[in-house]
Amino acid sequence: MNGPASGPQDTPGRGEPRKDPEPSGVDLARQALFAAREAARARGQAAGAKKQARRGGLRSGARADGRDPMRLGAALDRLQTERGWEVPMAVAGVMERWPEIVGEELARHCVPEKYDDDPDVRQLTVRCDSSAWMAQVRLLAPQLVARLNADLGQGTVRFLKVLPPSGTERRYQGRLRAPGSTGPGDTYG
């Protein structure tokens, strides 16, 4: 066998076990860096777990999902859509903008009271301050329904129910009072 002579150190398992040389210089620096990175990673995981426990749950990852923070307006729009509040909230907006939709003069004499959002009814109820204005609003009802549907979306309001003026019952005392009369008041009746 003409090859290089093999000594007991070259062959593991025979004689004395092979010893790794002591790290020096660059090898020591690599080992220290690896140990420092592992310690920092362990500290970071512990701190992250503590923050996560304070926040009360998992945070979303790289992809967007329902747990991501969002603007208040977007959150309210999402809640409105999830709960099916689009039409009631739109009608509430109409009640606030009533003078803009029907005009200042008509708004002074009739006010919206309620909206029935049953799909078969979809009726807006308004109350007038006199029977003359009640007759006027009844004549304008088709035009008002068209304006409301243009603002809210087609089919949101089907009917406009016009109520007579409401007032407190007035009791007039006197000798010539007819039984059941409330005294001079509106001409509705």
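The model is predicted.

**Stop 1: the nonpolar patch**

Next, colour helix H2, which spans residues 72-83. Helix H2 supplies three residues of the patch, the largest share. Centre the view on Leu76, which is placed in helix H2. Leu76 counts as partly exposed because its relative accessibility is 48%.

**Stop 2**

Keep helix H2 in view and show the side chains of Arg78 and Glu82. The two side chains meet in a salt bridge, with an N to O distance of 3.2 Å. Both residues belong to helix H2 and are four residues apart, about one turn of the helix. How do the two partners stand in terms of exposure? Glu82 counts as exposed, at 56% relative accessibility, whereas Arg78, at 36%, counts as partly exposed.

**Stop 2: a salt bridge between distant parts of the chain**

For another of them, select Arg97 and Asp151. The closest N and O atoms of this pair are 2.7 Å apart. Arg97 sits in the loop between helix H3 (86-96) and helix H4 (98-102), while Asp151 belongs to helix H6 (residues 131-152). The pair thus links distant parts of the chain, 54 residues apart. Arg97 is partly exposed, with a relative accessible area of 30%. Asp151 also counts as partly exposed, its relative accessibility being 36%.

**Stop 3: a salt bridge between two strands**

Move to Glu113 and Arg127, and show both side chains. They meet in a salt bridge with an N to O distance of 2.6 Å. Glu113 is in strand E1 and Arg127 is in strand E2 (residues 123-128), so this pair ties together parts that are 14 residues apart in sequence. Glu113 has a relative accessible area of 39% and is therefore partly exposed.

**Stop 4: the cysteines**

Select Cys110 and Cys128, and draw the line between their sulfur atoms. The structure as a whole holds zero disulfides. Cys110, accordingly, is in no disulfide, and the nearest cysteine sulfur to its own is that of Cys128. Hide the surface to see these residues, because Cys110 counts as buried at 1% relative accessibility. Cys128 likewise counts as buried, at 3%.

**Stop 5**

Asp116 lies in strand E1, which covers residues 110-116. With a relative accessibility of 34%, Asp116 counts as partly exposed.

**Final view**

Conventions:
Residues are numbered from 1 along each chain as its sequence is written. This is a predicted model: local features need pLDDT of at least 70, side-chain atom pairs count only at pLDDT 80 or more; totals for chains, interfaces and linings use all residues. Side-chain values use heavy atoms; hydrogens and water are left out. Buried means under 20% relative accessible area, exposed over 50%, partly exposed in between (1.4 Å probe, protein chains only). A disulfide is a pair of cysteine sulfur atoms within 2.5 Å. A salt bridge is a side-chain nitrogen of Lys or Arg within 4 Å of a carboxyl oxygen of Asp or Glu.
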